[in-house]
Amino acid sequence: MIQASKRSILSAPPLKCFVSTLRNCKSSSSSLYPDKPCWLIEDGGFHFITVWIQGKVVQVDDASHLITIDDGTGVAEVYSCDRIPLGHSWIRIASNEGLYVMVFGVLTQSCYVPKIRALKIANLSDNPALKELWPLEVEHMVPPAQSSIC
């Protein structure tokens, strides 16, 4: 068994959610990941470490390595895009605003425009079915009260 202090944040499954969910989270702690940032969804009592969102790129700030994603429920700022695999080339591709993308990362600030540190970004624009299926995936991820993935 892996000791709690040795666990990677990548070993916790991401919370698939809408941006609106990330607006009302509180910083929390986790017994499984005591030295990692953990978040609590206030209205559901659900803990998580990583998030997965999908949406349209509406703004690119190449100098700050930041993109803004709109998923229809709100916008989130995704930063450190230059630190992901192929990050510098990805930002150039993303400068074509309007791409439909998935973002896997760590929530670092819960507010009206949540902040996410990118760990992975993928362009899903070539497969419109993924956009249509996303709301169903999120609905199936609705966590039961008082559960946790971290």
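**Notebook: strands, cores and a buried glutamine**

I started at Met102, which stands opposite Ala122 in E9. Strands here are DSSP runs (E, at least two residues) and helices are DSSP runs too (H or I, at least four), numbered from the N terminus.

I noted the ground rules next. This is a predicted model: local features need pLDDT of at least 70, side-chain atom pairs count only at pLDDT 80 or more, and totals for chains, interfaces and linings use all residues. Residues are numbered from 1 along each chain as its sequence is written, and side-chain values use heavy atoms, with hydrogens and water left out.

I followed the pairing around E9. E8 and E9 pair in the antiparallel sense over 8 bridges. Two strands count as paired if DSSP finds at least two bridges between them. A hairpin of 5 residues joins E8 to E9. I then looked for parallel pairing. E7 and E9 pair in that sense, over 3 bridges. Glu77 has Lys115 in E9 as its bridge partner.

**Entry: the open sheet**

What is the order of the 3 strands in the open sheet? I read it as E2-E3-E4, with antiparallel pairing. Strand E2 (25-28) and E4 stand at the edges with a single partner strand each, so one side of each is left without a neighbour in the sheet. Neighbouring strands of this sheet are turned by 30 degrees against each other on average, direction ignored. The axes behind that angle are lines fitted to C-alpha atoms, for helices over the stretch in contact, and angles run from 0 to 180 degrees between N-to-C directions. E3 and E4 run antiparallel and are joined by 3 bridges. I checked Ile41 too: its bridge partner in E4 is Phe46.

**Entry: whole chain**

I counted the elements. The chain has 3 helices and 9 strands. Along the sequence they follow the pattern β-α-β-β-β-β-β-β-α-β-β-α. Of the 150 residues in the chain, 41% are buried. Buried means under 20% relative accessible area, exposed means over 50%, and partly exposed lies in between (1.4 Å probe, protein chains only). The chain exposes about 8000 Å², and carbon and sulfur atoms supply 54% of it. That area comes from the Shrake-Rupley method with a 1.4 Å probe; for residues, only the protein chains shown count as cover. I also looked at contacts (heavy atoms within 4.5 Å). Among those with a separation of 6 or more, 63% come from residues 24 or more positions apart.

**Entry: the cores**

I looked up the nonpolar cores. Each is a set of buried Ala, Val, Leu, Ile, Met, Phe, Trp, Tyr and Cys residues joined through side-chain atoms within 4.5 Å. Which residues touch the most other members of the largest core? They are Phe48, Ile53 and Ile121, out of 26 residues. Elements giving two or more residues include helix H1 (19-22), strand E3 (38-41), strand E5 (50-61) and strand E9 (115-123). E5 gives the most, with 4 residues. A second, separate core of 7 residues includes Tyr100, Met102, Trp134 and Val138.

**Entry: Gln54**

Is Gln54 buried or exposed? Gln54 counts as buried because its relative accessibility is 4%. The side chains of Gln54 and Trp52 are joined by a polar contact of 3.1 Å. Another, of 3.0 Å, joins the side chains of Gln54 and Tyr100. A polar contact is a pair of N or O atoms within 3.5 Å; within protein, one must be able to donate a hydrogen and the other to accept it, and residues adjacent in sequence count only if both atoms are side-chain atoms. Leaving aside neighbours within four places in sequence, Gln54 is in contact with residues including Ile69, Asp71, Met102 and Trp134.

**Entry: positive phi**

I listed two residues. His65 is not a glycine, yet has a positive phi of about 55 degrees. His65 sits in the loop between E5 and E6 and is partly exposed at 22% relative accessible area. Ser80 has a positive phi near 65 degrees, again in a residue other than glycine. Ser80 sits in the loop between E7 and helix H2 (87-94) and is buried at 11%.

His140 and Lys16 are 124 residues apart in sequence and 9.1 Å apart in space. His140 lies in helix H3 (residues 128-140) and is exposed, at 70% relative accessible area. Ser8 and Lys36 are 28 residues apart along the chain, with 8.6 Å between their C-alpha atoms. Ser8 lies in the segment before strand E1 (15-16).
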